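This report is written for a reader who is new to the structure. Please look over the sequence and the model before reading on.

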There are 4 protein chains.
Amino acid sequence: MNIFGKLFKVSIYGESHGNGCGIIVDGCPSGLALDISDFESDLLKRQAGRKGTTPRKEEDKPILESGVYNGYTTGAPILIRFENTNTRSRDYDQFKNIPRPGHADFVANRKYNNFEDPRGGGHFSGRITLGIVAAGVIAKKVIDTMKVEATLKEVYGREDIDNVIDEIVDTGDSVGGVVEVTVTNVPIGLGSPFFESVESNISRMVFSIPATKGIEFGAGFGITKLKGSEANDKFIDSAGKTETNHNGGINGGITNGNDIVFRVAVKPTASISLKQNTYNFKENSIVELEVGGRHDACIALRIPIVLENATAIVMADMLLLERAYNRV
Amino acid sequence: MNIFGKLFKVSIYGESHGNGCGIIVDGCPSGLALDISDFESDLLKRQAGRKGTTPRKEEDKPILESGVYNGYTTGAPILIRFENTNTRSRDYDQFKNIPRPGHADFVANRKYNNFEDPRGGGHFSGRITLGIVAAGVIAKKVIDTMKVEATLKEVYGREDIDNVIDEIVDTGDSVGGVVEVTVTNVPIGLGSPFFESVESNISRMVFSIPATKGIEFGAGFGITKLKGSEANDKFIDSAGKTETNHNGGINGGITNGNDIVFRVAVKPTASISLKQNTYNFKENSIVELEVGGRHDACIALRIPIVLENATAIVMADMLLLERAYNRV
Amino acid sequence: MNIFGKLFKVSIYGESHGNGCGIIVDGCPSGLALDISDFESDLLKRQAGRKGTTPRKEEDKPILESGVYNGYTTGAPILIRFENTNTRSRDYDQFKNIPRPGHADFVANRKYNNFEDPRGGGHFSGRITLGIVAAGVIAKKVIDTMKVEATLKEVYGREDIDNVIDEIVDTGDSVGGVVEVTVTNVPIGLGSPFFESVESNISRMVFSIPATKGIEFGAGFGITKLKGSEANDKFIDSAGKTETNHNGGINGGITNGNDIVFRVAVKPTASISLKQNTYNFKENSIVELEVGGRHDACIALRIPIVLENATAIVMADMLLLERAYNRV
Amino acid sequence: MNIFGKLFKVSIYGESHGNGCGIIVDGCPSGLALDISDFESDLLKRQAGRKGTTPRKEEDKPILESGVYNGYTTGAPILIRFENTNTRSRDYDQFKNIPRPGHADFVANRKYNNFEDPRGGGHFSGRITLGIVAAGVIAKKVIDTMKVEATLKEVYGREDIDNVIDEIVDTGDSVGGVVEVTVTNVPIGLGSPFFESVESNISRMVFSIPATKGIEFGAGFGITKLKGSEANDKFIDSAGKTETNHNGGINGGITNGNDIVFRVAVKPTASISLKQNTYNFKENSIVELEVGGRHDACIALRIPIVLENATAIVMADMLLLERAYNRV
């Protein structure tokens, strides 16, 4: 349930307010140079601290427990561990009976029969994406000729993102946004028709990231408003470059050498400081809830690097898979 | 690559113009009543014949090769086979050098080193979805207390669908559309956080269906234009019903008992009768191509039952998985 | 449950007395020459007809349903189908209450809640190994530089096998034997430490074949009677050849370039013509049962080609997997 | 490669002389009482210290990093971590060119292109089985009505085990042995025919444990010397109990309710203190090697608890799987 990949496999673990969290990368090729400092830049992009993000600041220092020797990956599993240092005692147990709207409190309680760790969302926390970012740093080394980039394009439906944040941050409310991810210099032939299509693999991963509610490739939902004669991407050179890229670099589930392009809908953070109605499942009544704690007013500010590195993990897996059949 | 599922597993095979196509269902519970006539209604919904669909009419008669005894599933793998009866000889080999825009011709040729079956798209054909519809008929019996329904909501951006078809069908062009899928009476607790989230599993399956380019759950991309206070679905009764359903029945990757709702973007059929530019990879020049043959002007007319039954397969797999842990 | 492999994947289906049986091979590289006649020789080795085997003679003619075009594999799934032509009506339903000793009747009835197909063992039949032999023919093309060979070394503990068969065949009883499998010209580096060790993969497959009860690699159980100084295989040349091969060509779960050698214990056919005691689970009493029908007095005569080709499937899977990382 | 299981999944990591080693357990049911002290007894059984085992003594103190809250499993992944505290600097790099006979030095070097961690065998070390023992402690809680027990039956072919150890330990040589594992109170119906047979799953796991070279179920290789009339286990009561247990509690790959019984061949430790010939792959010549360091003269003394808990992991996985279909 917490494992992704066929060849480049990742296993995540951890909780928001427990000892820590992290990831095992299994199936990483040997011989990749890997040092703690390699993680710094991407982890920094994920960190809180900017306006619109949570005041909970964690050091996010990766500990390389295994799989690296003399500065190179050995081919053995790589455990990257993060400790939780900035946790606060609060009464999270109340959310077992009075679940926060938009959160996983209710489903976690039912699925795990009241044994879930409720502190800060437990294993459901966005903090668990730390491991995904870390594994993505390694994945990027596997796909070193490709480049993955994620950009926040819109917040609350607007492109003047800084203004929206300024407006929203003091209201106690939250906003979401749209992130665009691009993979450039993609080899032809990754993915397969049907269940291992590029879109299938990427979307499975993207919806693993908390707060995502939509994904579209290339022209996406917009393609439904084009005619076939407009939507079809015409090949224009011997490398397979196409005039347009309405298919987002993918035909029949397989990369065609053009850029992979997709957009992801990120919902407003469920945690807000405003009072909300919810249901008290113990008392069987509607109640008003005010959630304290430290929140991101706009998690979409921190999610691009998560989506970027999550995508790199998928690309690494598909690249290795294709190498079993063809030199790519 | 052609296998989906953890417990309720399906393996597809087949080509558009080869002997036939079909599916193995492995991990189906024993004791489900199953008869050839059970497939009729759903297969009929997928069939061509209506205006806007291909004149190629296949009988689509399922042959139950295994896994059924005395009218009940035995617990052994169920092979459902379909024969191709209405295939036509044509020069498909030309598409190896002169790939049709928007099709998988080019990537198939590169990935499989010129050994792909080019006839009618070969294994990339939408015809392969026959098996998925058939397996979905069985899946629906596994999830018999739930109900899955797919509806075509828009074609070419318009809701007056019949008019659009009338307008487009004689131009030789094609159009796409938006399909909405709803699952009702869903038990609480299916799915997991992260890689086995409901959205991850459904989206992986949906993007296995040819021609899909986008998916959104609940309010989807629209949720990015709401504030958290608006987007959060308030619980209003002891069953976990929520006032709104912006999250599409899923929190933290897990079903919350409200309806699962998602929309899928279906692109215009790549095959059109109009002349299009493409590249001749043998002669290294841009050429004009006129694709003959029999096409669907609007594949979106036939795709709802495919998405419906594909969804049923995913739900069956997640239901069995949850049964390993809890009575659902 | 009926699927094996990570990259070279096989999915089996079928019953002894249903329509037929067969296999899908998914993940086969494109471009392998493949013709119906390629299967003939291996299928013949598996056929009954010799003294000591069942009088049920099936034609075993493979039908290539998909994945092959113009005489070459296309990269798409290959379905190979066999029809059952020589089935006989008998009262198999009795075995639901009065299970045959040594057979799967009892467990099948309990596991599948009385819905199992009881005719000739249904899906539990050795007939299902037909598909494995067929897939092995393809696997051998994938691992074409290696050679897999299985030999029956002992029957009923004796090496004068023909004599044993002569002695046993008219008594109505049955005997088992020991099969040795050798893989020669093996590249260095297949397999992994721990869960994907060569021994793990081969043994998992070998115990998938009905009637197998033991496996040992290299010196096997005999190695427990050696000292380390005797058991250790000394390297003697720059290719990694070892003086002895007590480890059966495998160290740390990985092929070392020496021959893979293992032996498999095959039990006597459970079906015998002699009267045996068993339990009547309906009447709750011990009863005497005489099983009629057509049996193999020594299934070990037919099993070598099954083990040989099953091993080829495993080797093909491990070879492709290693190719994702290294040229082998 | 380092992941086992379908529902009760384990992911191992670590090295002999790196930071440490451990395991993630994913798919563990919520609500199992779990405390650090639960691990003590089994870990102690695996520890060195007795005559015949290595003088390297590690504290083996488990650190529960995640998945446990207020003394109960939460349903989230459980990371159990062990630190390496007693490592010694030595020149392990020499083994890259002059591999120790019987060890994985040679294959690791080739497979991982000289990037493997050579210290104490790196990831190939038996130390990595610590995680398996720890996960087995949890697995035993999942299968709490069953009982798994492993016993060392023979060393160097003899049953007077203490005497053998006394004789061998000062010679610098090593010996192996035979371990018998029994699972009692097994529910009927675990496992499947073919690729998920009980024997397939157990053997795959057993050969994941370093130093194992053979496995046999029930009468094992001895069954090949019985006739069918002798080998068949007659049912004698309404619970399915059989008079004999030559099939080791398994028919058709499925548990029949009788005890699962199997024996495992454990080879003599490859590390010995005696001089041995091996090959210098840099100088291309046969050389004499004397391996220093600290070894187990008889690893078979420590392996029973590893096999016992490894078996528990497999049983837990098969139990959960069967629960998806039937109440067991």
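How many residues does the contact take from chain A and from chain B? The contact takes 85 residues from chain A and 85 residues from chain B.

## The model and its confidence

The model is predicted. For the complex, the predictor gives an ipTM of 0.98 and a pTM of 0.98. Chain A has a mean pLDDT of 95, and 100% of its residues reach 70 or more.

## Where chain A meets chain B

As said above, 85 residues of chain A and 85 residues of chain B take part in this contact. Several elements of chain A each supply at least two residues of the side that touches chain B, among them the strands β1, β9 (177–184) and β10 (212–217) and the helices α3 (105–111) and α6 (198–206). By residue class, the side of chain A that touches chain B divides into 38 nonpolar, 32 polar and 15 charged residues.

Strand pairing also links the two chains. Three bridges join β10(A) to strand β10 (residues 212–217) of chain B, and the two strands run antiparallel. Within this pair, A:E216 stands opposite B:G214.

## Where chain B meets chain D

Chain B also touches chain D, through eight residues from chain B and eight residues from chain D. On the side of chain B, these residues comprise six nonpolar, no polar and two charged.

How are the two copies placed relative to each other, by what rotation and what shift? Chain B is superposed on chain D by a rotation of 180 degrees with 0.0 Å of shift along its axis, at an RMSD of 0.0 Å. The two copies are therefore related as by a two-fold rotation axis. The C-alpha of chain B nearest the axis belongs to B:A324 and lies 2.0 Å from it.

## The nonpolar core

The largest nonpolar core holds 420 residues. Which of its residues touch the most other members? They are A:I313, B:I313, C:I313 and D:I313.

The copy in chain C shows what surrounds this position. Leaving aside neighbours within four places in sequence, C:I313 is in contact with C:F4, C:G5, C:F8, C:V10, C:I132, C:A135, C:G136, C:A139 and C:M205. In soluble globular proteins, nonpolar side chains tend to be buried together.

## Strands and a hairpin

Chain A has an open sheet of five strands in the order β1-β2-β3-β7-β4, with antiparallel pairing. Its edge strands are β1 (3–4) and β4 (63–64), each of which pairs on one side only. Two bridges join β1(A) to strand β2 (residues 9–14) of chain A, again in the antiparallel sense. Here A:F4 has A:V10 in β2(A) as its bridge partner.

In chain B, strand β14 (residues 275–280) and strand β15 (residues 285–290) pair in the antiparallel sense over six bridges. B:T278 has B:V287 in β15(B) as its bridge partner. The hairpin of these strands has four residues between them, and B:N284 in this hairpin takes a positive phi near 55 degrees.

## Single residues in loops and a helix

Two further asparagines can be taken together. A:N70 has a phi near 55 degrees, a positive value in a residue other than glycine. A:N70 is placed in the loop between β5 (68–69) and β6 (72–73) of chain A. Is A:N70 buried or exposed? A:N70 is exposed, because 9 other C-beta atoms lie within 10 Å, and a residue with 12 or fewer counts as exposed. B:N113 likewise has a positive phi near 55 degrees, and its place is in the loop between α3 (105–111) and α4 (129–142) of chain B. B:N113 counts as partly exposed, with 15 C-beta neighbours inside 10 Å.

A:K96 lies in helix α2 (residues 94–97) of chain A. A:K96 counts as partly exposed, with 16 C-beta neighbours inside 10 Å. A:K96 and A:F106 are 10 residues apart in sequence and 6.9 Å apart in space, C-alpha to C-alpha. Leaving aside neighbours within four places in sequence, A:K96 is in contact with A:N109, A:N114 and A:P118.

How values were computed. Residues numbered from 1 in each chain as written. Chains lettered and ligands numbered in written order. Predicted model: local features only at pLDDT ≥ 70, side-chain atom pairs only at ≥ 80, totals over all residues. Contact = placed C-beta atoms within 7 Å. Nonpolar A, V, L, I, M, F, W, Y, C, P; charged D, E, K, R; others polar. Least-squares fit on C-alpha atoms with pLDDT ≥ 70 in both. Buried ≥ 20, exposed ≤ 12 C-beta atoms within 10 Å, placed from the backbone. Core = buried A, V, L, I, M, F, W, Y, C linked by C-beta atoms within 7 Å. Pairing = 2+ DSSP bridges. pLDDT = per-residue confidence, 0-100.
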